[in-house]
Amino acid sequence: MKTEPQESAGGNKIARRSFLRYAGVGAASVGLLSTAACHKDHGIGPSGTDIGVGDIGILNYAYALEQLEAAFYTQVILSPYSGMSSTELSYLTSIRDHEILHRNFLKAAIGSTAMINLTTDFSSINFSSRASVLGAAKTFEDLGVMAYNGAAYLFKDPNYLILASKIVSVEARHAALIRDLINPGSFAGSDVVASNGLNNSLTIAQVLPMANTYLKIKVSASNFGYVAY
Amino acid sequence: MNLFNILKEIEKVDPEVHERMSPRRDAIKNITSFGSKVAVAALPLAFATIFKKAYGTTATTSVSTVLNFALQLEYLESYFYNQGMASTGLIAATDASVFATIQADENEHVTFLKSVLGSAAIPMPAIDLTAKGTFPNVLTDYTTFMAVANVFEDTGVRAYKGQAPNLIGNQTILTAALSIHAVEARHASAIRQIRASHGVNITPWITGSASISNDTGIAAANANYGAGASGYPAESNVMQGGIDVTKLASAYGSTTPYNVACEAFDEPLDMASVLTIVGPFFG
């Protein structure tokens, strides 16, 4: 992945890229170490995957969440709930388009160390029900905002931090809209915005168990304190 | 008692004072999830830790400069909503609760930033909501009020985003700043929805084309959506991390429509450009 022109750091750029490439490749071995440490087989396998280490690990974490969102909205548009208004169809189609681009962009940006394509499990969502679909959308959008905000400090490369922050505010715009579709005026409800006016944030170890309830292939973050099983 | 100054004085002779007094990561971790009372109590200490220069960053702008910049913008926003809510007959009754929520959040942001900055906080500057006559009816004409609100929120999102690199690695302050950033984005979405409900052709997210970066219909705000002085691109940018995202696949085929590429990424803006843009609202 290239850096933003205005952020380029001359010779440091090459060194950093080399490091990240090394860090990404190193993900599997670090995973093995942690596997050995707790005597359980939870490395990368057919039913699970790990985000890896370092900045690439955080990007893979974002990529996993965007895969989930893109798959969800794709299904929403393929099988619109009964009574979906034209305005809602337009909004939800736009959100689908944004999430697909987030997913495809992250995959392209991460490159060869991008995590596998995840298989989703939306059996808990009734796609013919407006309440069920918008409720799930609210969960995904609010979770996405809290996930990006909670992991942002882990980035070492300011270019990645900026890229993640470019995405998170769009997720927040989505979250506010979805919440208003469910309950007008709840765009910044007290369940997501604390009394000091700050959006809540969540750690990777808090987010992935929730995300995994919608995934057949469970995502772990063994280097960030969470193993899915 | 001014905790901030005390710590600053001690730090002159003992640079490790903060770590000695309170190991940062245990004591003030996740301040944003505490109750506001606890958070406010812990914050002067949280802020003081920034002077340790322990984050391994190459940031050239100090954290206090970043936070005072944020405070200046929050002073403007809170004053704007306080004046708007106090202007009888300005805000449509159906929208009043939305603006009340936003007003409360912005005032909380001022309180929060002042508590973090302690004695380093700048005082509230003089504010001219007409921006030296650009918006003479801002507190009497609802259409203008909504439009200015729209621009303030979108610009706030850009401003906070632009400062994120200056806070890199700082779990407490970066997370707090991004948490405000997300709330500003929620506000922007809500106000854009309100404008749409009053007949303005606008979406909750910033859209654009190769030639248009300002989708608000407010020509006076073109700079708010344009490229920044430091090389940050306009909101119509489609180059992300060196990748032309219009060349990525979408639901429509092997490429992505330009408007989708604009909408899916909000762009940051540098401090100098933001201050130039909001300059007419001050003094």
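Predicted model: local features only at pLDDT ≥ 70, side-chain atom pairs only at ≥ 80, totals over all residues.

Biologist: How many helices and strands does chain A have, and in what order do its elements run?

Modeller: Chain A has 7 helices and 2 strands. Read from the N terminus, the order is α-α-β-α-α-α-α-α-β. The chain has 229 residues, of which 58% count as buried. Among its contacts with a separation of 6 or more, 73% are between residues 24 or more positions apart.

Biologist: What does the secondary structure of chain B come to?

Modeller: Chain B contains 11 helices and 2 strands, and its elements follow the order α-α-α-α-α-α-α-α-α-β-β-α-α from the N terminus. Of its 283 residues, 58% count as buried. Residues 24 or more positions apart supply 72% of the chain B contacts with a separation of 6 or more.

Biologist: How should I read the packing of two helices?

Modeller: Two packed helices are described by two values, the angle between their axes and the distance between those axes. Take helix α3 (residues 54–78) and helix α4 (residues 86–110) of chain A: they pack at about 150 degrees, and their axes are 8 Å apart.

Biologist: Why are α3(A) and α4(A) called roughly antiparallel?

Modeller: Angles over 145 degrees count as roughly antiparallel. With an angle of about 150 degrees, α3(A) and α4(A) are therefore roughly antiparallel to each other. Their crossing is left-handed. The residues of this contact comprise 14 nonpolar, 5 polar and 6 charged.

Biologist: At what angle do α4(A) and helix α6 of chain A pack?

Modeller: Helix α4(A) and helix α6 (residues 158–182) of chain A pack at about 155 degrees, with 11 Å between their axes. These two helices are therefore also roughly antiparallel to each other, and α4(A) passes α6(A) in a left-handed crossing.

Biologist: Which residues of α4(A) and α6(A) meet?

Modeller: From α4(A), the residues include A:Tyr91, A:Leu92, A:Ile95, A:His98 and A:Phe105. On the side of α6(A), they include A:Leu163, A:Ile167, A:Val170, A:His174 and A:Leu181. By class, this contact has 10 nonpolar, 3 polar and 3 charged residues.

Biologist: Is A:Arg173 buried or exposed?

Modeller: A residue counts as buried when its relative accessible area is under 20%. A:Arg173, which lies in helix α6 of chain A, has 0% relative accessibility and so counts as buried. Its C-alpha atom is separated by 9.9 Å from that of A:Ile95, 78 residues away along the chain.

Biologist: With which residues is A:Arg173 in contact, leaving aside its neighbours within four places in sequence?

Modeller: A:Arg173 is in contact with residues of chain B, among them B:Asp154, B:Ala185, B:Arg192, B:Trp205 and B:Asp266.

Biologist: What describes a pair of aromatic rings?

Modeller: Such a pair is described by the distance of the ring centres and the angle of the planes. A search of the whole structure finds 19 aromatic pairs over all chains. In one of them, the ring centres of B:Phe99 and B:Tyr142 are 6.3 Å apart and the planes stand at 70 degrees, so the pair is edge-to-face.

Biologist: Where in chain B do B:Phe99 and B:Tyr142 lie?

Modeller: B:Phe99 is in helix α6 (residues 96–117) of chain B and B:Tyr142 is in helix α7 (residues 142–163) of chain B, so the pair ties together parts that are 43 residues apart in sequence. B:Phe99 is buried, at a relative accessible area of 0%, and B:Tyr142 is buried at 12%. Both belong to one aromatic cluster, whose members also include B:Phe80, B:Tyr81, B:Phe135 and B:Phe281.

Biologist: What should I look for in the phi angles?

Modeller: Most residues other than glycine have a negative phi. B:Ala131, however, has a positive phi of about 55 degrees, and phi of B:Lys132 is positive too, near 60 degrees.

Biologist: Where is the place of B:Ala131, and is B:Lys132 buried or exposed?

Modeller: B:Ala131 is in the loop between α6 and α7 of chain B, and B:Lys132 is in the loop between α6 and α7 as well. B:Ala131 counts as buried, at 4% relative accessibility, whereas B:Lys132 counts as exposed, at 53%.

Definitions and conventions. Residues numbered from 1 in each chain as written. Chains lettered and ligands numbered in written order. Heavy atoms only, no water. Axes fitted to C-alpha atoms, helices over the stretch in contact; angles between N-to-C directions. Helix = DSSP H or I, 4+ residues; strand = E, 2+ residues; numbered from the N terminus. Parallel < 35°, antiparallel > 145°, perpendicular 65-115°, else oblique. Left-handed = near helix turned anticlockwise from the far one by under 90°. Nonpolar A, V, L, I, M, F, W, Y, C, P; charged D, E, K, R; others polar. Phe/Tyr/Trp six-rings, centres within 6.5 Å; stacked < 30°, edge-to-face > 60°. Buried < 20%, exposed > 50% of the residue type's maximum accessible area, 1.4 Å probe, protein only. Contact = heavy atoms within 4.5 Å.
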